[in-house]
Amino acid sequence: MLVGIFADAHDHADNVRRTVRFFNETGVGLVLFAGDLVSPLVVPPLRKLNCPLVACWGDNDGNRTGIAGGMKIVGPVGEPPLCVTAPDGTRFLLCHQLSEAKTALRECPPPEEGGPQVVVYAHTHRHAVAKDSAGRLLVNPGECGGWVSRTPSVAVVETVSLEAKIVPLPQLGPAVVIEPV
């Protein structure tokens with residue numbers, strides 16, 4: 001099964017549309033969002049996903065009431081850490097910050113005893129894929145918005161092999177530079 005992962009949209013509606021289009025074309029069976037939609041502006045494009053979505057709050061979601069209202073017809077959104085089981089049984093721990101994941105993992109059994117097999121986090125705006133000493137896959141999809149790195153990205157996890165791939169979205173143009181007068 002393929003699971004799409006993205007985070008840190010930061011109100012970039014065009015890149016959220018690109019993300020939804022990519023996930024639909026790829027045929028993912030579940031999408032996980034690791035925080036920082038920021039405002040309800042980016043919720044409507046999520047309605048076009050062809051699969052379920054589960055999201056957690058980030059540290060920059062300013063209008064939580066509006067986001068929560070819009071997400072009622074898209075998918076659940078909750079306080080991290082969230083435990084999510086994919087339709088094929090793969091267990092995910094969904095957080096915004098790696099520190100939240102580390103705290104939660106102290107109380108989780110190892111993967112072979114029913115604990116999470118994949119840990120999803122974000123916040124840094126830099127993509128990363130690694131395995132920890134317990135064999136869990138750690139995935140940071142980078143930033144969907146692209147505001148910080150100018151190179152927006154998402155991730156796709158293949159649950160049978162427990163491997164992740166970082167997928168770049170179209171790069172943004174050069175940042176605007178304002179010269180002093």
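Predicted model: local features only at pLDDT ≥ 70, side-chain atom pairs only at ≥ 80, totals over all residues.
1. Basis. Local features need pLDDT of at least 70, side-chain atom pairs count only at pLDDT 80 or more, and totals for chains, interfaces and linings use all residues. Residues are numbered from 1 along each chain as its sequence is written, and side-chain values use heavy atoms, without hydrogens and water.

2. Main core. A nonpolar core is a set of buried Ala, Val, Leu, Ile, Met, Phe, Trp, Tyr and Cys residues joined through side-chain atoms within 4.5 Å. Buried means under 20% relative accessible area, exposed over 50%, partly exposed in between (1.4 Å probe, protein chains only). The largest core has 26 residues; Phe6, Phe23, Val31, Leu37, Leu46, Leu53 and Met71 touch the most other members.

3. Leu53. Contact means heavy atoms within 4.5 Å. Leaving out residues up to four places away in sequence, Leu53 touches Phe6, Val31, Phe33, Leu46, Met71, Val74, Gly75 and Pro76. Another core, of 21 residues, lies apart from the largest one. Its members include Ile5, Ala7, Leu32 and Leu94.

4. Helix H3 (64–71). Helices are DSSP runs (H or I, at least four residues), numbered from the N terminus. Ile67, Gly70 and Met71 are buried in H3. They lie on the same side of H3, because their arc around the axis is only 100 degrees (directions from the helix axis to the C-beta atoms).

5. Aromatics. Phe, Tyr and Trp rings (six-membered ring for Trp) pair with centres within 6.5 Å; planes under 30 degrees apart are stacked, over 60 edge-to-face, the rest tilted. The whole structure holds three aromatic pairs. Phe22 and Phe23 are tilted, since their ring centres lie 5.8 Å apart and their planes meet at 50 degrees. Phe22 is partly exposed at 21% relative accessible area; Phe23 is buried at 1%. Phe6, Phe22, Phe23 and Phe33 form one aromatic cluster.

How values were computed:
Helix = DSSP H or I, 4+ residues; strand = E, 2+ residues; numbered from the N terminus.
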